[in-house]
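User: I'm new to this one and would like to get my bearings. Could you walk me through it in short questions and answers?

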Amino acid sequence: MTLNPAPNLSDSVQLSDSVQSTTQLESETPTLDQQIQAFTRVIHNIRAALDLETIFKTTATEVRKLLEADRVAVFQFDLSQDWAGSFVSEDVSPVHPSALQASVYDHCFGGRFAEQYQLGRIQAVADIYEAELSECHVQILEQFQVRANLVIPLLQDTKLWGLLCVHQCQGPRIWSQREIEFVRQIAQHFDIALKQVADVQQLQYQLQQQKALTRVITRIRESLNLETIFQRTVTEVQQLLKADRVAIFQFDRLQDWAGKFVSEDVNDAYPSALEQQVYDHCFGEQFSHFYQQGRVGAIHDIYQQDLQDCHVAILEKFAVRSNLVAPILQGKELWGLLCIHQCSSPRNWLPSEIEFASQLGEQLGVALQQNEHLQHMQEQATQLAQAEMQAKAAERQKMLTQTFDRIRQSLDLATIFQTTTAEVRSLLSAERVAIFRFNPDWSGDFVAESVAPGWLPLVGVLPSIQDTHLQETQGGRYRHNETLAVDDIYTAGHQPCHVALLEEFEAKAYVVAPVFQGSELWGLLAAYQNSSARQWQADEVDLLTQIGSQLSMALQQTEHVRQLQAQAMQIAKASERQAALATTIARIRKSLDIESIFETTTLEVRQLLGVERVAIYRFYAGGGGDFVADSIVSDWQPMPPKNPISLDHDFLKTTKRGKYPRHEMFVTISQGETLWGLLVAYQNSQPRYWEDEEVKLLSQVADQLGVALQQAELLEHTQQQTEKLNQALKDLKESQGQLIQGEKMASLGQLIAGIAHEINNPINFIYGNLHHVNIYTQDLFKVIEAYQSAISQPQEQIEQLLESLDYPFLCKDLPQTLTSMDVGVQRIRDLVVSLRNFSRLDQTAIVPANLHDGLDSTLLILQHRIKPQVDKRPEIQIMRHYGEVPLVECYPAQVNQVFMNVLSNAIDAIDDAHQQFPQRNPYIKIHTVTLANQVVRVTISNSGPAIDPSVIPSMFDPFFTTKDIGKGTGLGLSISYQIIVEKHGGKMGCFVNDNEETTLWVELPTTGLHSTGLH
């Protein structure tokens, strides 16, 4: 900034022209001894003092005294204000004005003279009016009454720090060379003093930084509150660095490097940044990796740095001119920034300040990790406490559940009360738990208790308790289902009579919960602490309340049981009779034999009614009837009546409850809508008054007999229908299986024959021409050899062609290729023959067939399943043991179908066995032999698991299979059996030999199929 007046200090940097002769100078200047003495004193003072003000003052005094000048002053530049400055020390004659603290600004100093002063140039002016100085410069000097001056630059390292000015105010003065040199040497030692003091100040500043860092570390270790650590840190750093703002910025990781300032200490002249949301869209790309590496950003002037406009705008928002930013890392992640702002002006950040900020950032990162660890520890502690509470609650709940179970397990109130009081006293660790029951007048008695040793019992000892409050209010608060907990009877505000009653119970603290029976207050459940007062916990009070509720349920349950027992006494006889009836009905329903039903029914009803005879009478369709079953006592002989039973009787007059005494009782038995017969009960020894329940019972039995008759008739009809349906179903299944398999094999045969036919034509063409191609090839080779013999020197073009074709290799490989093609075509022809042999589409009639050809054709078709299966099993070994067998008259395609089914099942069994026994070598054995009576036998064995002997009788049934769902239809062996047995008059079976091999065998007659008519 520029202050008025603004004297010019440097219009000239050369010596004034008005310099007197050397002799004159020598005579008017101090002696050399005086200079040396003064110089020595100045040097001593500079070295002895570390305070610049003392050095400046002492030096100015010594120099003015030696040079007899009017003023000697030290001028210091303020580099932040374009070479403006002020006089910071002086020694001046009393008659002249002081220049201390006078601000001086020379607008042309920086451009014209700063560089020359930095090179050590000295200005000596004998007379300001004779030195051709500019008018503004003269005015500045006149302000301080200067007439002549001597100016020597003061350097700090290589930078211009200030000026040492010697002023002569009384008049002109010619400065001698000795004076100039003297002052120059003084200035040089000033330079040393400036550096020395700067070094000391830097050390002191670093020491202060280190102390501040130590205090921050100490606070981090002492405090567990991040907010406190942050606030104390920014305050101390702001005071130490004399910055305008020190703030801590925290990133919001969910918002792409956006964030806010969470703590700051700011100069009152500048706006607060606290809680200000900041988002720099280019931060993540340009700066995040920089700070994540732990590097510190120092900007001396935001307008002199190559910053993005958006970044400058954000800094301007907080009036920042210069800033120092250190990262705060939480582990390896960038948590935030420590921001130190200089708002008033640019600032050159010292290396020590940058290092200090970096260390502070690291320590704040330590605080974050420490806080994170603390939070983790607190969370673990909370979880542990919760787990302990849950464990405690779970244990209490477990014990409470056990108590509930014991209460529910008993229906005896005394046992329930004793169990409850003991369990509750154990759960609550109380010294007495008692159950109190109200009387009709709301007095009451203790009916059960559990008391710790050393305390007097209450049950059976105290008389009925007359609590006037409970009697007047008919239960007080307890009738509203409220629980009362008192920690100390002497501080609870009880009436003296109430306290006296509790003292009689030896209680000092208690909890009372109501016990209801239905909706009526039955009594109280109380827990007492006798030895001292006790603070009851909420869960303890809740536990007692829950047990009180369970007692209420137990009382209700006991009352309900009592009522049920009374009802049971009333209906015991009826229940017993009904149970017997149910047994009788159940026995009727279990049997489907009508005679057995009649026998069982008559016996059960006779015993149930306690009569002498029970009989069943059946009506005939043409009239009349007969007894078909009865049950009589051992000493009474059955005697059918002489006359048929009549439904018309002469009844006696009523003599007992409106009923008639009779010797018999009967009810009708109906079969559907038809009257079938009668169920009769006899009491021959004397007349009997038959009860309504007895009549009802006999009627129910008769109804069940009618149902049984219907079931028997329905069963007979159903059995007949079932036999017919089973036979029809069997025939249908066989027909369906034959149709399905026949259609499948016909389609397969047509497909195989078609494929064989289509392959056969081109293959025969190729096979027929391969021989000619081979001859033509040999002829061509002979022609080429003749040409080679006739032409000893072929053209270059032909040689190149022979070389490119690799003619020698072609001559060798082409015959081999033709031979390989011949072998391959021959194999295809063999396969076609096998396919045709298997399908036998051209032999649908009965013809003599070679069974070996059929077996070989089938094996060839199944070759893809016989080959090794990758990662499953090795190749199946086929062991052929063919005997001398004649041709067999048969349907070749159908016989081949049988071989296909049997061999396919053998391969399936081997695949299943290999999963269980991978070390077993798979094989299939085929034996053919001619038996007597012109019969050929074929047996096929395999290395698969031995079949269960219990399965063999069912294995040829339609749709029977032992394979998993989806892997078999159950038709293959059934159809094979029909083909061999029904169509060829042969035999087919299965057995397991001594080697645990499952063997299927087929026997076919060689001749006679036409004569049997089976086809």
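Predicted model: local features only at pLDDT ≥ 70, side-chain atom pairs only at ≥ 80, totals over all residues.

User: What share of the contacts with a separation of 6 or more comes from residues 24 or more positions apart?

Analyst: A contact here means heavy atoms within 4.5 Å. Among contacts in the chain with a separation of 6 or more, residues 24 or more positions apart account for 64%.

User: Let's look at helix packing. How do α21 and α23 lie relative to each other: parallel, antiparallel, perpendicular or oblique?

Analyst: Axes are lines fitted to C-alpha atoms, for helices over the stretch in contact, and angles run from 0 to 180 degrees between N-to-C directions. Helix α21 (residues 851–861) and helix α23 (residues 892–916) have axes 9 Å apart and pack at about 45°. Angles under 35 degrees count as roughly parallel, over 145 as roughly antiparallel, 65 to 115 as roughly perpendicular and the rest as oblique. That is why α21 and α23 are oblique.

User: Which residues of α23 meet α21?

Analyst: From the α21 side come Leu851, Gly854, Leu855, Thr858, Leu859 and Ile861. By class, the residues of this contact divide into eight nonpolar, three polar and no charged (Ala, Val, Leu, Ile, Met, Phe, Trp, Tyr, Cys and Pro count as nonpolar, Asp, Glu, Lys and Arg as charged, and the others, Gly among them, as polar). Their partners in α23 are Val895, Asn896, Phe899, Met900 and Leu903.

User: α23 also packs with α24. How many charged residues does that contact have?

Analyst: α23 and helix α24 (residues 972–983) pack at about 145°, with their axes 9 Å apart. α23 brings Gln894, Gln897, Val898, Asn901 and Asn905, while α24 brings Gly972, Leu973, Ile975, Ser976, Ile979, Ile980 and Lys983. By class, this contact has five nonpolar residues, six polar and, as for charged, one.

User: Now α15. How wide is the arc that holds its buried residues?

Analyst: The buried residues of helix α15 (residues 496–504) are Val499, Leu501 and Leu502. Seen down the helix axis, they line one face of α15, because they fall within an arc (taken from the directions from the helix axis to the C-beta atoms) of 160°.

User: What covers that buried side, and what is exposed on the other?

Analyst: The cover over the buried residues of α15 includes β16 (509–517) and β17 (520–529). On the other side of α15, the exposed residues are Pro496 and Cys497.

User: Is Trp442 buried or exposed?

Analyst: Trp442 sits in the loop between β13 (432–438) and β14 (444–451). Its phi is positive, about 70°, although Trp442 is not a glycine. With a relative accessibility of 18%, Trp442 counts as buried.

User: And Glu68, buried or exposed?

Analyst: Glu68 is in the loop between α3 (52–67) and β1 (71–78). Phi of Glu68 is near 50°, a positive value in a residue other than glycine. At 64% relative accessibility, Glu68 counts as exposed.

User: Which residues does Gln238 touch, leaving out those up to four places away in sequence?

Analyst: Gln238 is in helix α8 (residues 226–241). Gln238 is buried, at a relative accessible area of 13%. Beyond those sequence neighbours, Gln238 touches Ala243, Asp244, Val246, Asp265 and Asn267.

User: Last one: how far apart in space are Asp626 and Gly677, C-alpha to C-alpha?

Analyst: Asp626 is in strand β19 (residues 625–632) and is partly exposed, with a relative accessible area of 37%. In sequence, Asp626 and Gly677 are 51 residues apart, and their C-alpha to C-alpha distance in space is 9.2 Å.

Definitions and conventions. Residues numbered from 1 in each chain as written. Heavy atoms only, no water. Helix = DSSP H or I, 4+ residues; strand = E, 2+ residues; numbered from the N terminus. Buried < 20%, exposed > 50% of the residue type's maximum accessible area, 1.4 Å probe, protein only.
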